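My notebook is open and I have one protein to look through. I'll jot things down as I look them up.

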Amino acid sequence: MQLRKLLAPGVPGFALKNGVHALIDKVTGAPPRPVRVAEYVAAHAARGDPADVLRTMDRFAREKRWLMNIGPDKGPLVAEMAGRLPRAARVLEVGAYCGYSSIMLADALGPEARVTSIEISGTFVECARANVDVAGLGDRITFLHGASAEVLATLQGRFDLVFLDHWKDLYKPDLQLMERRGLVGPGSIVVADNVGEFFDPGDYLSYVRTCGRYDSEHRPANIEYTNVADAVEISVFRSTSPSSE
């Protein structure tokens, strides 16, 4: 299975290039990529222009170092999700990285929506906040530093959209924790990024497709900034349980 994934179209080149860059960064003592992209955004992006901040991050990812953002190719999906939500939507993101998807979501949803983003790395939180400040969206996005399960245990109220983009083996237990705490409920949309075969997401996909709480849709995609096959799973919390239909 692992060999088949490594030999899938586009994977060898992507893995080799990223591996070489990681080795160079380690040998040279380069700072983490979110730190470098935050410096790049501060130097090159137009302040107060979220779209230009995203374009600047995309340029860094293509020309400098690959970034594990949602990427521009999934922008239409974000716009589609925004169209399904109320104007004052509450959005929960798990996995901020450098703030790319937070900016994309907040910009697409408009000034009344609020995004809460959880990130385990304190360094990444600082970088994400810096990028959000350049974008001029600091009043719409809140970053919470800590392990996902610990932070989720402190949150209250239902979220209209949940975006999962952290450790893939945590997708299922974190979603189940959200269910127990009422953070998701009827009508909530759960978008799980990077659920293609390369990431081995079977446990999560099996859960959302068979637990009876969601109507799920699988959308083919590519890993950001590559031609490597990937997918996104969109799961809508059912307004009624199967037994009551």
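This is a predicted model: local features need pLDDT of at least 70, side-chain atom pairs count only at pLDDT 80 or more; totals for chains, interfaces and linings use all residues.

**Surface.** I looked up the accessible surface of the protein and got about 11500 Å². Carbon and sulfur atoms hold 55% of that surface. I then checked burial: 51% of the 245 residues count as buried.

**Fold and size.** I found ten helices and seven strands in the protein. The C-alpha trace spans about 60 × 45 × 30 Å along its principal axes. What radius of gyration does the protein have, and why does that agree with a compact globule? The value is 18 Å, and it agrees because a compact globule with 245 residues would come out near 18 Å.

**Contacts.** I took the contacts with a separation of 6 or more and asked how many link residues 24 or more positions apart. Those account for 73%.

**Charges.** I counted 28 positive and 31 negative charges in the protein. Their mean positions are 1 Å apart.

**Cysteines.** I reminded myself that a disulfide is a covalent bond between the sulfur atoms of two cysteines. How many disulfides does a search of the whole structure find? It finds zero. I checked Cys98: its closest cysteine sulfur is in Cys127, 7.9 Å away, so the two are too far apart for a bond. The cut-off for a disulfide is 2.5 Å between the sulfur atoms.

Methods: Residues are numbered from 1 along each chain as its sequence is written. Side-chain values use heavy atoms; hydrogens and water are left out. Helices (H or I, at least four residues) and strands (E, at least two) are DSSP runs, numbered from the N terminus. The radius of gyration is taken over C-alpha atoms; the globule rule is 2.2 Å times the number of residues to the power 0.38. Buried means under 20% relative accessible area, exposed over 50%, partly exposed in between (1.4 Å probe, protein chains only). Contact means heavy atoms within 4.5 Å. Accessible areas come from the Shrake-Rupley method with a 1.4 Å probe; for residues, only the protein chains shown count as cover. Lys and Arg count as positive and Asp and Glu as negative; His and the chain ends are not counted. The place of a charge is taken as NZ of Lys, CZ of Arg, CG of Asp or CD of Glu.
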